[in-house]
Protein chains: 2
Amino acid sequence: MSFPFFSKLRHKKEHLKLIKQELQRVRSEIAAQVQEFQPHVQQYMEDICHGHGKMIRPGLVLLTAAATGGIKDEHITFAALLEMVHMASLVHDDVLDKAETRRDRPTPNALWGNELAVLLGDILLAQAMVMGSRIGDTRFTHKMALATRDLCQGEIEQSTRLWDIEMSRADYYEIIRKKTATLFAMAMSGAAMLQNLEDTETADHLHRMGTLLGISYQIYDDCLDLLGIDEAAGKTLGTDAEKGKLTLPMFFLLESSSEDIAAQVREAIENHREVNYAALRHTEGFREAIRLSVNEGLTRNEEAREVLWMLPESPAREALAEMTYRLDEMLQDCCR
Amino acid sequence: MSFPFFSKLRHKKEHLKLIKQELQRVRSEIAAQVQEFQPHVQQYMEDICHGHGKMIRPGLVLLTAAATGGIKDEHITFAALLEMVHMASLVHDDVLDKAETRRDRPTPNALWGNELAVLLGDILLAQAMVMGSRIGDTRFTHKMALATRDLCQGEIEQSTRLWDIEMSRADYYEIIRKKTATLFAMAMSGAAMLQNLEDTETADHLHRMGTLLGISYQIYDDCLDLLGIDEAAGKTLGTDAEKGKLTLPMFFLLESSSEDIAAQVREAIENHREVNYAALRHTEGFREAIRLSVNEGLTRNEEAREVLWMLPESPAREALAEMTYRLDEMLQDCCR
């Protein structure tokens, strides 16, 4: 199996091999979990969990574990359950967004209808709870439950503020911190927590680093959506504007020095109409909005690296740094 | 606040007062949990958790706790979280069933749309996980997670076997055991588990008793739906036949000695058409199907009481027995 995100890291070859081996263990663990469902449910789960995701969250768990004392069996379970919570949220997201493809495959709602997709998301979440409780660490289980709640909270806030021209950039950041960065933060701080370290400070720092990376990643994702780049994501794009989700580059467009563009975007949102971004893409105002958004992401990656340097030097720390540099590149590619 | 289900029990007055006091503590706990959500989410949750349910599951937790050593704070938390998992499943059920009212109030999907209703169900489940992890007993958390998964599994099986004329009565029992009886069983065995009793046998017996009562309760609910009795349930009824859910009285109709009725029902299901049960309701065949279903419920209540007599005599044991007798009455009322 391939791990396209990680293959593009400029790691030393032997490190890359190691990461891929460990990620393969996580994939096997997810496959084993699917076998726990009853036959009736398995057929659907096999399709959902077939594994074409970037595995960024599991990657963060494993590398953080390796950088803070080594990867234990609990980390594999944790990485798998975190990816399953993420998959559950994608399954429900696709229902809400009426998305038809993701990762070059039809979504569960497209394949089997909204009803079944809602239930499949539910059972993925339930199975993640089962796995979490098996780790047998109540402090960890509690933190994981809080993270899941924050994720839902972010989704709800987003869904209640569609087409809301009163929304501010601060509101946007608060929403993506919850809906995306929470699981990134949990990946890193949870991995440290499972080491039973004496100091809780390391976990707190890693929580902050995960938050920064999650926010940066969501900014990247939002830029991609507005750019209508379908290939890389393999999912139905341009849904943000269509659904009335206000994302960072849109805020910059609303504040654009080109009054014509700003007015056009504002008027469309106020009237719950999709802006024709395809027509705007070649304007300087649009490019500027993407550039400013990308910069916000790059700044956060930089801050994330500052946290990272607090850990002792190790190949895993180097690999985590490479992940942030790769994210820099992905953001910069949005400006091309 | 009133607890209509419990008010109808033939308890001694002082017992009834005690049950209501404890149930009131559970309602207060749920209200306190709602306050933990962010303001944006609270407004919806207050409506959902306003509390017009029968509170049967919390009642089972509290009475089982009282019958096995006394009600502890953990039991209140447990009762509240169990009711919240139940509410989460109702919120998603109403989305799947496109139901417009429940308990005489508009459903979340009717009020705020499917998208938000899906997310509100998710966050209720997440908050229940947060509460479960606070109890700090990993064995309990694990059992609760397994119960939640079983619940989802039952819902999925039900949803994939709509209009399925090949379905058997055994399949029906398996589905309702999972989708309904699991939480009843969890209520009773979980309450015993939180007593930290030496013997695990009591918890196992209570698990069995909860399963029996849950199955009986679902049979009652299915009869009610087919009878189109709207008043008692205050929810959109007759949705089972419309959605293609095959329930126990329908199986008896399919096996009915009145070949005319059996053929009519079979033909409708095979063609994914709703049977006009209103027109059938006064036939002897229909009445017989309800009677046979009711008997299946009564038998299970009887078996449940046999388990109950294994507990030491106490007012709480008496109250649990009264709950089973009340369920007998409710079932018998379906034959009137």
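Buried residues are those with under 20% relative accessible area, exposed residues those with over 50%, and partly exposed residues those in between, for a 1.4 Å probe and protein chains only. The model is predicted, so that local features need pLDDT of at least 70 and side-chain atom pairs count only at pLDDT 80 or more, whereas totals for chains, interfaces and linings use all residues. Residues are numbered from 1 along each chain as its sequence is written, chains are lettered from A in the order in which they are written, and side-chain values use heavy atoms without hydrogens and water.

View 1. Lys178(B) is buried, with a relative accessible area of 1%, and its side chain meets that of Glu174(B) in a salt bridge of 3.5 Å, N to O (a side-chain nitrogen of Lys or Arg within 4 Å of a carboxyl oxygen of Asp or Glu). Glu174(B), partly exposed at 30%, also forms a salt bridge of 2.9 Å with Arg177(B), which is partly exposed at 29%.

**View 2. A salt bridge between Lys245(A) and Asp240(A).** The N to O distance is 3.8 Å, and Lys245(A) and Asp240(A) are both buried.

**View 3. Helix H9 of chain B, residues 201-227.** Helices are DSSP runs of H or I with at least four residues, numbered from the N terminus. Because 22 of its 27 residues are buried, H9(B) is largely enclosed by the rest of the structure.

Definitions and conventions
Helices (H or I, at least four residues) and strands (E, at least two) are DSSP runs, numbered from the N terminus. The expected span of a helix is 1.5 Å times one less than its number of residues.
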